[in-house]
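Hi everyone, thanks for coming.

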Amino acid sequence: MSRLEEELVHILVQHKQYFEPEYMSFHSNRVDMVYDESFRSVEDEQIDEASRSCGASQSEASTVDLVNPAVLQYLKSIANVMFGSKYHQEFSQVFVTSRRDALAEYFVILEMEKLSIEDVLKLEWHCLNREIKKWIRAMKIIVRVYLVSEKRLCKHILGDFGSFYQFCFSEISQSFMLHLLNFGEAVAMGTHTPEKLFRLLDMYGVLEHLAVDVDILFFEEVGSFVRGEFHKLLRRFGDTVKSTFLAFRNAIATNHSKTPLPQGGVHHLTKYVMNYIMTLVEYGDTLNLLLVDESSIDPAGNKYDTSALSLCPVACHFLSITTTLESNLSNKSKLYKDVALQHIFMMNNIYYMVQKIKCSDLSHLFGDCWLRQHTAKYRHDARCYERVTWSSVLSTLKDDSEPNCVSQRTLEKRCKEFSTAFGEVYRIQTGWCIPDPQLREDLQISVSQKVVPAYRTYIGRNSSNIAEKYIKYTEDDLQSYILDLFQGSPKSLHYQHRK
């Protein structure tokens, strides 16, 4: 019988087969979104549209031959002889040991290191991120291909001997499944900042999609422990994802600034938040399931109730997040001493939010009403800017009296005051920034439509009573200078007599 055992080992070792990990095309199709933890260095990124990696096309398990099919009948004959001679324990021990070694070798092919929970918790994020990618790939291949094929092999050889094939499969696979689950447990235990949420969602998504496969693989009593541990991890990850997501709004609310953003442009926090939630849309189905029982209350006390508003949970929470962002931006705007720049800052940031939502899948979640309201908001800030800046400038050209009742000196003084006031606005506001070309052009045109006609009327009515040296600008000069505003490059006017 010892010769049969040796022959069994020889056949299992010499005729084992592997498949390339790329066989199932389980590639990560996400473009990593890397966010700075302190909200300080976020750049706009084009977020590639990609289908989820665990989509319908990969929902069914596949099988491969882990042992050369030509020797399967011979292996079955050896099993019949050894079981018939009461050497079933010896056969099972040799078979399990050999197949476990083969699975261990395949883990090496998948580049899965045996990291303890302590090892995982000590990893820097860039290293952990790399290990998570390998884990996601390994989970899909091991559960949906390798273990399905392993169980088929066990059943083919030992299926005639009752529950022995189930026992052997459990013995072969259990330690490796627990190794994969322990890695997931370690990741779930770690500290999670907002930028890690996407990888956590990827891991949760894999577990969720593999749940049925695991239930089928380990449905017998002997596999109940693995099945239970898997679902325990799935619940743990759900809680981790939910808590990390909900903490994101708090991170926005507590992002305080002591100094204003130079030039009044789009704040990096605004870019961060909008790009963040744009990426989260891809995980909308998962988040809707996890957040279904979570009401959303913003710092102002506004509660978004999914049942009352007929909105999905993700939409309610995104509304809460953007409301929190607006509140934060409003506080940051007050850091500017110049009230006009406060309005430019708010206009820039609200406009950025509107454009991000209008031009993405977020528009379906926020709806037309939100877009109309916030379009009105940034336009209101534009009007407030014009009133704060240009009312005082244009007041110098007010002419309430009859032309013949105003002295030449008064008319010339008013013209000089306008030139001085306009020059001061020019000096300051050429250094301000409106990053969006269309928004900048729209505001320049609006300013021009108020300033140029008022100047034209004043000069036209009073030119005969104003010495030419006081008329610093032509209409074309004013239009040209207004186009220099909001470019983010401070300039000064060098007055010269205009012919």
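So, the surface: the protein exposes about 24200 Å², and carbon and sulfur atoms supply 49% of that. Those areas come from the Shrake-Rupley method with a 1.4 Å probe, and for residues only the protein chains shown count as cover. Keep in mind that this is a predicted model, where local features need pLDDT of at least 70, side-chain atom pairs count only at pLDDT 80 or more, and totals for chains, interfaces and linings use all residues. Residues are numbered from 1 along each chain as its sequence is written, and side-chain values use heavy atoms, with hydrogens and water left out.

Of the 499 residues, 48% count as buried; that's under 20% relative accessible area, with exposed over 50% and partly exposed in between (1.4 Å probe, protein chains only).

Now, where does tyrosine 87 lie? Tyrosine 87 is in the loop between α2 (72-84) and α3 (88-109). Helices here are DSSP runs of H or I, at least four residues, and strands are E runs of at least two, numbered from the N terminus. At 32% relative accessibility, tyrosine 87 counts as partly exposed.

Just after α3, glutamate 111 takes a positive phi of about 60 degrees.
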